[in-house]
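Keep the viewer open as you read.

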4 protein chains.
Amino acid sequence: MSASRYAYLGPEGTFTEAALRSMPEAATRELVPMVSVPVALDAVRSGAAAAALVPIENSVEGGVTATLDELATGEPLMIYREVLLSISFALLVRPGTALADIKTVTGHPVAQPQVRNWLAANLPDAVWESAASNADGARLVQEGRYDAAFAGEFAAATYGLEPLVTDIHDAQNAMTRFVLAGRPARPAARTGADKTSVVIWLGDDHPGALLELLQEFSARGVNMMRIESRPTGEGIGRYCFSVDCEGHITDRRVGSALMGLKRICPKVRFLGSYPQAGVVPEEMAPLRHGTSDEAFTEAAEWLARCQDGRA
Amino acid sequence: MSASRYAYLGPEGTFTEAALRSMPEAATRELVPMVSVPVALDAVRSGAAAAALVPIENSVEGGVTATLDELATGEPLMIYREVLLSISFALLVRPGTALADIKTVTGHPVAQPQVRNWLAANLPDAVWESAASNADGARLVQEGRYDAAFAGEFAAATYGLEPLVTDIHDAQNAMTRFVLAGRPARPAARTGADKTSVVIWLGDDHPGALLELLQEFSARGVNMMRIESRPTGEGIGRYCFSVDCEGHITDRRVGSALMGLKRICPKVRFLGSYPQAGVVPEEMAPLRHGTSDEAFTEAAEWLARCQDGRA
Amino acid sequence: MSASRYAYLGPEGTFTEAALRSMPEAATRELVPMVSVPVALDAVRSGAAAAALVPIENSVEGGVTATLDELATGEPLMIYREVLLSISFALLVRPGTALADIKTVTGHPVAQPQVRNWLAANLPDAVWESAASNADGARLVQEGRYDAAFAGEFAAATYGLEPLVTDIHDAQNAMTRFVLAGRPARPAARTGADKTSVVIWLGDDHPGALLELLQEFSARGVNMMRIESRPTGEGIGRYCFSVDCEGHITDRRVGSALMGLKRICPKVRFLGSYPQAGVVPEEMAPLRHGTSDEAFTEAAEWLARCQDGRA
Amino acid sequence: MSASRYAYLGPEGTFTEAALRSMPEAATRELVPMVSVPVALDAVRSGAAAAALVPIENSVEGGVTATLDELATGEPLMIYREVLLSISFALLVRPGTALADIKTVTGHPVAQPQVRNWLAANLPDAVWESAASNADGARLVQEGRYDAAFAGEFAAATYGLEPLVTDIHDAQNAMTRFVLAGRPARPAARTGADKTSVVIWLGDDHPGALLELLQEFSARGVNMMRIESRPTGEGIGRYCFSVDCEGHITDRRVGSALMGLKRICPKVRFLGSYPQAGVVPEEMAPLRHGTSDEAFTEAAEWLARCQDGRA
């Protein structure tokens, strides 16, 4: 039964699986690896899975375009939650392999820039070939095709390998952000440290359109946390923007900004409001003057009094 | 009984009286001249008059500061209507006076720059002395203190004078705008060619405060028609702004802009929504995309659907 | 010889004269009272005076429109200096007059709102009539036409009167700002606490024109200190703006903002850069990041390197 | 000798090679395929090649992140030219293969979304596996590992294959934009239909930073043609922006915008000014009022006159 099933970007042993297993509810679900982000999300659309965990952003490589594009188009989906995972690699080898034995290494193309410096310093002569995923790389080492694979340390057991070196990462604090996407539903309750995601299409090609879009947020003191341009597929120079902002759709300032966008842009897709991973309400910056729910309510009441001749 | 009484900036024979008599309802009211704008408006506040007509803006001299300041402070008043009057002067003299006899001329200080060129060309040697009002100037001519007065042609009869020259005005299209102010009430119904007046105080002295104020209007495509800075009386460099914008407070874009101002500014005083004098709805420029009442309503409905998980 | 002559808004005994006498250089000049602001400024234009001191702004009454309009139009003039004067009134009477004897009072119309509360509390039954200037009011008391005049205490001696009450002012900190205007010249050297004055005409009637004007300042972190709208005389709804901003025309950020205005506005009139009265450089707020002369110079050098292929 | 050598993203038979061969100067150069974008660009940095052609943007898949990131970091490079190429695929097979024989297909991962619909309609049961490049896919078909490869029709001859189906593309007008990158040099002469590329880092995390960045362009009427956010590698939520704008660095409005960016942003990297591919000057939109070189020059001259007291 699908309600008990969570899809994820497989195969087994990926960072996505590790992120999914960090969620408490994963313990009671059937976790099903999928071959690609589109396949994982289509499983949700078809009802074969209740939700799917997919990577959306990497602090080194940037947005995961397959995820951004799948969420922006096709039958609507919604982000229920986000999960952050620190990314560091282990060099996985068949038992008995020493560093000096390694002539060929593999891993996902995204891993390569994150271990490039380590490779140059420690295995300068090793030849890199890309694999379809980090876990696939581990499998190819298991099969003897390569000498070593960069993958999460947790993948070693799955493929009968052992971690020769661990905690490899060129960039400090490399993180990947994953989202749990499901079918449209009432957003999770406001926690006070929330995030709202939307995709916004710009109407025509007029130069100030992006500026106007940003002003709808800034006019209400709504902080933008992420903005990524994506081609609409209608030709060079036509973009939509994937945006995360602080706050919950039931916060008046956020709702007001979204309505402003809806009015001036030809298309806005609401992708969900959900708790910011790793942030508690106490850590949030104070709201800008005049942007609290109370300020919105008082202004609405004042307007009503003006309209009634009671101001 | 006060409901039948309209105050105006007197004395008899002023342009204000002429403007008041151009209003159809004036025919059924008792019209009472007052010695100053504050006195006229205080008559309304005290209930001695139902409304008062006072000048608010002159195309040559600018805002009438007494009116702007009286409307901005004290017990609230509201603008019910506006009246536009073309201003041209007559040179009023005692019967029998010829142009060559005129050694001294008088008139309100506001009249002086509007007839300066005419005087230089036609009466270069005449000495100007200011009077408290154009009508007062006429009275002083009647009393023999000056040889001629600039005033409205309609003032001649009141003071037993005759217009020696008429239609004198240095600036083309000189106009004065008058407002009929009353106690706060439900604004007149929307006509489609309306104007809304507010006074806005800027909170602190931060450099971008005026910019933010203007953006509340521009973000909703609300055209500003007039903006005048006035000192708040709290010291050099502290201002409030008297603003007229296009549209009616019941237009969603106007209401939304006013609520935005109310949230970010420490004080906003609503002065009324009323028909634009001399403009019919057919002449209004089309609204900017996304600022119609329908666009606001659709955006609000979309937001509700998003919040309910039905988007 | 005109270089030794300073005109001022007379008659003798006005606050303007007091302000002029507060300037050290006044001691070596012939000070000539003029009947009006236009006459004082025309004396400068004609060469009859080297400069003229005129009031430009009052913290209670706002901009002095005659001065604003005279500086905005006609043959160009420039502001050399500004002077600030605290305004408080004395009640001047003929020797021997007691408070209980006063039935009529006079003064400049501008004085009236500044003493209104005092009058209501102390002379509730006295009748007010306006005079052409505070000093004229004193003269009329001397002539016996009124019982008392509000004027500067320094005017008593000139008219043989005595100050019955002093230090009368409804508003705390009432100040008038005066400017010393002369013919166009190289601005005074930068002091680090300077002010720059301009008059800016908006091109067409497009709604965002004022916003764009303000953005030219804000984009360079140039604080606006005063903005006043004035009618252009071309009809209701056509304005120019008289603006003071912080900084000197030789500051790169100010020059850059002025050039931006010059490009987008049909007309900009530079009125001068001069020291801010009563402010020392140490009290100035720090510049916004990226707006120092050094930042401008570095950016220009970087651009040159980019253009040369050396970046 | 390196001056005669152009590197490109290989292997032979890629769209990049086709784009390179469309450039007239390619006829006189040695064209050297490289295994990756970083390797191609490093060949330029090291002097092994005079320039390198690499893809930078695809109308379906968006920015080519390897190219964007390589240009943003490391030893500076500059864009000399851009080339646009329409992208359509051929299905390449070993001679004699019929559509019904095809069980497995390959191609670059970027090709997959561009042929997905075609595959679903024509080869619904074929299994897709990704190859390192379209040309690599062709090679794997040649070796018998897959039955068919999506690649440019021009790749058929290189690998002894034949195009079974041509002109396959799900999206209309799919285009890829390539840039010829070299070592920093004086930009190509202005043509009147130019493009300028920069990478801009936002200083701190303050909410309005992106807005301010865009205003530097919009304030000078400089149209932005492309904006892509890229992670800086310093953690989730830290971005730089890759921007193309209309105009040449020697256009005053562009230079002025770049200097504005340089002042307010901690880092700006100039990537070059070069002719817009496929656009002639006659097709350019007219400049916004006040943004021509003449307007800038006049404003600078006016400023100098003001500073000299000659305005």
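**From domains to interfaces**

In chain A, the C-alpha centres of domain 2 and domain 3 lie 43 Å apart. Chain A is divided into domain 1 (1-87 + 175-184), domain 2 (89-168) and domain 3 (186-311), with bounds that come from an automatic or database domain assignment. Before going on, please note that this is a predicted model, in which local features need pLDDT of at least 70 and side-chain atom pairs count only at pLDDT 80 or more, while totals for chains, interfaces and linings use all residues. Residues are numbered from 1 along each chain as its sequence is written, and chains are lettered from A and ligands numbered from 1 in the order in which they are written.

Now zoom in on a pair of helices in chain A. Helix α7 (residues 209-218) and helix α8 (residues 252-264) of chain A have axes that come within 8 Å and cross at roughly 160 degrees. Helices here are DSSP runs of H or I with at least four residues, strands are runs of E with at least two, and both are numbered from the N terminus. The axes are lines fitted to C-alpha atoms, for helices over the stretch in contact, and angles run from 0 to 180 degrees between N-to-C directions. The crossing angle therefore makes α7(A) roughly antiparallel to α8(A) (under 35 degrees counts as roughly parallel, over 145 as roughly antiparallel, 65 to 115 as roughly perpendicular and the rest as oblique).

Which residues of α7(A) and α8(A) make the contact? From α7(A) come A:Glu212, A:Leu213, A:Glu216 and A:Phe217, and from α8(A) come A:Ala257, A:Gly260, A:Leu261 and A:Ile264. Two residues are in contact if their C-beta atoms, placed from the backbone, lie within 7 Å. By class, the contact of α7(A) with α8(A) has five nonpolar, one polar and two charged residues. Ala, Val, Leu, Ile, Met, Phe, Trp, Tyr, Cys and Pro count as nonpolar, Asp, Glu, Lys and Arg as charged, and the others, Gly among them, as polar.

Next, look at where chain D meets chain A. Here 32 residues of chain D are in contact with 32 residues of chain A. On the chain D side, β11 (175-182), α7 (209-218) and β13 (224-231) are the elements that give two or more residues. With eight residues, β13(D) gives the most to this side. The side of chain D that touches chain A has 13 nonpolar, 13 polar and six charged residues.

How are chains D and A related? The same surface serves both copies, as 100% of the contact residues of chain D recur in chain A.

Finally, some chains do not meet. No contact joins chain A and chain C, whose closest C-alpha atoms lie 13 Å apart. Chain B and chain D do not touch either, and their nearest C-alpha atoms are 13 Å apart.
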